[in-house]
Amino acid sequence: MTPQASFQEETMIEEIRRERFSHVPERISGLVDLSFNLWWSWNPAAAMLFKQLNTQEWKECDRNPVKALQDIPVGYLERAAKNREYLRRYDIVMHRFRQYMMTTRSSWFSEQYPERRPLTIAYFSSEFGLHHSLPFYAGGLGFLAGDHLKECSDLGVPMVGLGFIYAGGYLHQHIEADGWQKNVEDVFDWEGAPITRVLDDSGSHMVVQVPLIDPALYVRVWKVQVGRIPLYLLDTNVELNMPEYRDTSRRLYLGDIEGRLRQEIALGIGGRKVLNTLGITYSAVHLNEGHSAFALLERMRERVERGMTPEDAMYQVRGTSVFTTHTPVPAGHDVFPLDLIETYFDSYYPSLGLDWEAFTALGRHPDYPDSGFDMTALGFRLSRFHNGVSKKHAEVARRMWQNIWPELPEEQSPIDAITNGVHLPTWLNNKMDLLYSQYIGSSWPSWQDEHDNPDIWSMIDEIPDGELWDIHLWLKMKLFARIRERKRRKWAEYRNEPANVVAEGLMLDTSALTFGFARRICDYKRADLIFHDLDRLERLVTNRWMPVQFVFAGKAHPADRRGKEILQRIYQLAEDPRFAGRIAFLEDYGEQLARYLVQGVDVWLNNPLPLMEASGTSGMKVALNGVLNLSILDGWWLEGYNGRNGWAFEGHPPSPDRDAADANALYEIIEKEVVPLYYARALNGIPHKWVQMMKESIKSIAPRFSTRRMVKEYVTKYYPSVCLYAGEPTDLGEVCPVERLPG
Ligand SMILES: *Cc1c(COP(=O)(O)O)cnc(C)c1O
């Protein structure tokens, strides 16, 4: 961050404090700073400061501190400001927060690379999943981006993020009485969100014109502070924009292809311009999927403008760019028709020093040259460092994209694997964290700082079975209480049918073995696989001695009819009395519900068609919390499963009977292994063998599938090489003498 930017940050918060939070007593006014930095969300002691003001209000404000501070009666704030115990905690948290934020504080990164002036990495992503008050995500890609920023903050990796504010969110899922998903648009609460306006030199809200687009498209710039990492978010709802442009950032992934192209130009090229306007110097970019790949063109253009040859410019851009591809599913790769590209880039591509043929060749799919302008192909061609998100996915991606590098044999395709991870402090439940600290912390006092070290985790074995089991049961009860709370609100608001209330989880039973399945509902994820044989399923769930429950959640893409049909079928079966209220479909899966689900079920179920799931991350979140995985061998589970830490089955080869065969494999494991293990109880009620497996799962998965391991891998494999290519930053940020570049 430039000194000017940090000065601006302080004045912004000052202004907000004066205008909107003057009712917060001076003694605890640091709560305002805290509420505008998401650091609070992965530090339970900080969250507790807000909750303690008034527990009921905290719940009513959806656990969003900006809203909670805004709405709370002043009396509660004054009470806290006089309470010794509260102030003691407040002072400790604020001290830790200020220490953390001081950039001079030693961090893993500065210890690793003491000789380096920090070379900031600009991280572009079309979605960021950070907190439910910022609903700018559709699913896994967004949470990965959010967790990446949080981890870079914790490790001290210099980074700035760039993305969009989507005022209409992704979709707010409402399920009708007949089980059909209705898409209600989210209404973004601007006042209640932890965002600040970014100001220009004259003190007005910064607005930047996006190059290329005629008539002009403007974006406003906002900022979210993610620990030490600033995330700049663009929004097109600006008066200056003509009405049809204002909705460019209204929703994620616009269905209309021209709107989508404008979005991606705004993100890549506009985003690049925003960072320049802010005076942020950075030396490399990391693109989270192809949506932002136009940023690479803009970097090339700037170099050509400064007098480099197109070849040198391309060489340098490639050497300072990291590109991560996230899915083998075709819908995840944007391809734009060439005539549309021509309309927008007609006067742009000559400024790259390229002719039309050379320009379009950058976005040409190697196997389908006539398909249009492919953003993934562009990402690969203009970056030197590329990776898939699990070993298997990298293998699949190498096969898919091998012809980008026709001179290399497939196994030498330069697509490496960096397996995804999750941000441990975000996803690990606080009670579990305290339990681990008690046992791991006795030998490794600062274990949280080195939680990617597998040795530390052997101490998990020291935890008495009963203690781990009790916390697990408590989390399960919390999940079911949370489900009822949500249901109560909907019941009061919509007065829906009693059967709907049952279908949405009213009758869930804490003592029954509970499976969770929550992810996007689409064909290949096969949410309904377990319903393949209804009689067999009925026998499972209604077994008197060993009952089983299934809890589902997830959204179908608004345009995905098939997904909505799958959802409706599950919902209607959940209403059917033959399943005795032991199957539930929970509405509106999002960050908050995910948090409860990944902590509160017994087993996490995952059975997509093989090779379609690049990695998957929810299974990692559950493992941290002692929940066991039952998954088809695909994505991350191929690396995570060790024969003792959960269950796995092989998907069958493609055939008309594949679903039947896979479903059968699933039933077999559930009936013969999962159910008996769960119900094998000692006289004290504890399933010792099950708890054994929980421990094995925690130990073997937590250190390896965390973003701590993942970000360190990005840093050690890519970011320093990138820095080497970039050389010392100058005021232009990334001019590097070409002659210094290695081979
Ligand atoms: C973690 C998470 C995801 C991604 O989970 P996958 O296993 O990759 O499907 C999606 N949505 C939410 C709300 C999440 O928390």
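**The ligand site and its setting**

The ligand is surrounded by 14 residues, of which W427, G616, T617, S618 and K621 are the closest; a residue belongs to this shell if one of its heavy atoms lies within 4 Å of the ligand. The model is predicted, so local features need pLDDT of at least 70 and side-chain atom pairs count only at pLDDT 80 or more, whereas totals for chains, interfaces and linings use all residues. Residues are numbered from 1 along each chain as its sequence is written, and side-chain values use heavy atoms, with hydrogens and water left out.

A backbone N or O atom of T617 is 3.1 Å from a ligand oxygen. Polar side-chain atoms also take part: that of S618 lies 2.5 Å from an oxygen atom of the ligand, and that of K621 lies 2.6 Å from one. Taken alone, the ligand exposes 390 Å², and the protein buries 92% of that area, as computed by the Shrake-Rupley method with a 1.4 Å probe.

Helix 9 (140-155), helix 24 (591-600) and helix 25 (618-624) are the elements that each give two or more residues to the shell; helices here are DSSP runs of H or I with at least four residues, and strands are E runs of at least two, numbered from the N terminus. By class, the shell comprises 4 nonpolar, 6 polar and 4 charged residues, with Asp, Glu, Lys and Arg counted as charged, Ala, Val, Leu, Ile, Met, Phe, Trp, Tyr, Cys and Pro as nonpolar, and the others, Gly among them, as polar.

The protein is divided into domain 1 (3-102), domain 2 (106-418 + 720-725) and domain 3 (424-706), with bounds from an automatic or database domain assignment. Domain 2 and domain 3 each supply at least three residues to the shell around the ligand. Their C-alpha centres lie 33 Å apart. Across the boundary, 31 residues of domain 2 are in contact (heavy atoms within 4.5 Å) with 39 residues of domain 3.

A cis peptide bond joins D214 to P215, with omega near -5 degrees. P215 is placed in the loop between strand 8 (207-210) and strand 9 (217-226). L212 is found in the loop between strand 8 and strand 9, and its phi is near 80 degrees, a positive value in a residue other than glycine.

Methods. Polar contact = N/O pair within 3.5 Å; in protein donor to acceptor, adjacent residues only side chain to side chain.
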